[in-house]
Amino acid sequence: MISTWVSVIVMLVVFVNGARNDNKIQPCAQIQTSSSVVPLGSPVTATCVIREDCPLVIGQAVHIKWRLGDRFLPSSPGSNERDRMSQVVIPSFNHTRVFLTCCVQGDPVQEVGGVVIRAGYPPAAPQNLSCQTNLTTPNTLTCSWDPGKQETHLLTKYTLHTEIWDLNKNHSYNPRQGVHRYVIPRSDFSLFSDMEVYVKAVNEVGEAMSLPIILEPVSAAKFDPPTILNIQAASKRYGCLKLSWSLSQHQAWMQGDRLNLEVRLKTADSSRWSEQPIPVRQVKPTTIVDLCHLLHGTRYLAQIRVRYKQSPWSEWSSSGSGVTLESAPTGRLDSWMKVLGDSTREKLNIHLFWKPSQQFRANSQNVSYTVSLKKLQGERGKVCSTTGNHCTFQVSSKAVKVYLSAVNAAGKSPPTEVQIYPQKAVAVISDVSAVPRDDRSLLVQWRSPASPSLTGFVVEWTPLLKTDLSLTQFEISNRNQTSLVISGSFEPYKPYGISVYPRFKDGIGLPQTVNAYSRQKAPSMVPKITIKKTWQSHIELIWDEIPLDQRNGIIKNYKVFYWNEKGAINVANADPNERKVVLTDLDAVSPYEAFVMASTFGGSRNGSTINFESEPFDAVAVLIIVIASGVGLLIIIFFVVMTCFSNHKRLKGRFWPMVPDPANSSIKRWTSESTQDSFLASDNEEPNPVYLSHLSFLELPAILSKEDHCESWLNRSENTSDLGESICGSPFIPGYSGSNSDSVPYATVVFSDPCSSPSPTGPPAYLRSESTQPLLETEEPFTPKCYQNMATDGMGTEQCFFGPGHDFVPKEGVDLKNLWDDFPFLRAIAMNDTHDD
């Protein structure tokens, strides 16, 4: 029990007396090291000696162990635990800061002493030491250096040292920790005395010193920007300017010293300064500087800077401007002419554009341009005079060229000859495209077939939202070139029309034009959708075109998004040129919402949302249409059936009129029943003679001898309007002279007078008549034989009406009934007593 309390007390004493500080653990042991701060990677030796009065080891055997951080180290062979001493050697110390502790082995291991060991690198020599003098009030000398990129892991102090040999003065300056520059006051240096300056770096493991520099403070001074007093043209010297200047008021006391000067120039219409400034050495501030080899009659902007010997250059001064002396313009102008109108007209409308070529020099600030029909330009031949870059005028269709010249106060340039080429209706340009290379340039490409008459191309571009012709620009390329980079002041999100013209030996061909943007973004607005047509499950939506000034790019597509409460969002694509879409398979009982999204190559924008519904399915209307169609169809079928199967002669005759068939009719049936059925007229109407135009009916005297039949008909003069031509004009009768020479002889049926009494006993006579329709396909060319009429009883009698009756002699033994087979038409009109009634 007593030993337990002793152990607890010892532990409390060790905890209280063994509290750590930054350097060691007390009081049970003492640790000695070769150094508490060592170079990183160097060996470290430490010795631990335990005090005899340490309560942790009283009356106990001692076994000492070493621990570096959280890792145990073996003791060196020279350790003597009997004397309570141990030694450890660390061959390469690679920690920047760590605890090295001495421990007594037990349960647990007890720390009895320790020490903090730090390591690092010696400082690197400071680099890039430089000093700069400030000549403003107050004067100062500022020196700065680079401490190096290597981390030392130890606190490093820097000291700036100066030594003025002429004055035998030495100074040291300690900048703040972490600051690597120092400002030396004016009292510690002389402007025109040389001085040596260096920097020393020191830490716990070493020190280093920079390379010293020797300087004259005034030669290390950065002057204030100088001032340009005046720039003017040199008298009687073309292309020269005179520049006068001075130092700032803080450096005005150095007017007598020689300084180095640099001048940079640019023309007034240029955005860049000259790449190589003009050096002017060993010049006093009161000296006027001559600047020559400049363009004539051109305004220049100039800036200057100054330094003393090898001191830093001052900042550039503010700009000054001057104009060189004018001279007459030189060089030629690049031109582009468009001829409007047919060459057959008396006058041609011409648009002429021009721009300076690389060789052209205006040599003046005020230059104008004249266009004349004569090479020696005068007021008489002048057609245009302007200060712009284009001109519109009329010339005679016989004119072949005009002359373009630049004019200023000093004279005129040599005239540039411009050929008048008429426009040709020839299109050889295809596949023109224009893509941006950057915000200020476009790459134009095209295709054209090779042609020996092709001399080159003209690429013309103009802003589409502006109508000013002065904004039109052009470039000329050769015949082998099919691409061109055009540059200029292209505005982003604005459309430009780019046209490519082919140039031939004898004219200008038709162009091809495309629209282009240097930069694109989403349209500024999207038109609202309107409903054009609606029907069951379908709807047609349309919208207006986006105004050109709000497109902000080329419209590549439209997409219509639509949805209802039940379904997902659907997308329909629309042609950007048609701007319409038909939505199909819509739910007729559900309302829909939709909007259109317009997209360019730079972004997209959504339009406003609309609500719509498709027309519902009207079952009642469809039923009415079906019933009406069925009723109409039944009515048509009823009339067709009634017409086909009706016995009503008048109704049936309206659709199928009866035409008498001579093969199956008798003359009696023709004149009574058949003809009346065919006429389809009322009882009071006269029969239409067109139905019986192929027959003639005659009445003969009741008593007429057989021999007088032919003669009576031939000699009868009255009532021969039809019969006369039929009989007497028959081609089978000598002296035939019928009125219709093209007619074909047919038959005339001759009856006796129906009013005579008694009825004749003889059969009716048949006479040859005329008809335009042949009875038989072939007829005998000679006079026909007498026909024979046969009664129903088979007994026939001869009657001759078309030839001598004596020629016809029937053969004995021949069946007379069979004779009708040779004359079917005559058989069809056989008459008997029954028919006469």
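The link of C131 and C143 is right-handed, with 105° about the S-S bond. Its sulfurs sit 2.0 Å apart as a disulfide, a term used here for a pair of cysteine sulfur atoms within 2.5 Å. C131 belongs to strand β9 (residues 127-134) and C143 to strand β10 (residues 140-146), so the pair ties together parts that are twelve residues apart in sequence. Strands here are DSSP runs of E, at least two residues, numbered from the N terminus. Both C131 and C143 are buried, where buried means under 20% relative accessible area, exposed over 50%, and partly exposed in between (1.4 Å probe, protein chains only).

A quick word on what we're looking at, friends: this is a predicted model, where local features need pLDDT of at least 70, side-chain atom pairs count only at pLDDT 80 or more, and totals for chains, interfaces and linings use all residues. Residues are numbered from 1 along each chain as its sequence is written, and side-chain values use heavy atoms, with hydrogens and water left out.

How many disulfides does the structure hold? There are four. Another one joins C240 to C292, S to S 2.3 Å, and that link is right-handed too, with 120° about the S-S bond. This pair connects distant parts of the chain, 52 residues apart: C240 is in the loop between β18 (227-233) and β19 (241-246), and C292 in the loop between β22 (289-291) and β23 (299-307). C240 is buried at 5% relative accessibility, while C292 is partly exposed at 23%.

C103 is buried at 0% relative accessibility. C103 is in no disulfide, and the nearest cysteine sulfur, that of C102, is 6.6 Å away.

Note on methods: Helix = DSSP H or I, 4+ residues; strand = E, 2+ residues; numbered from the N terminus.
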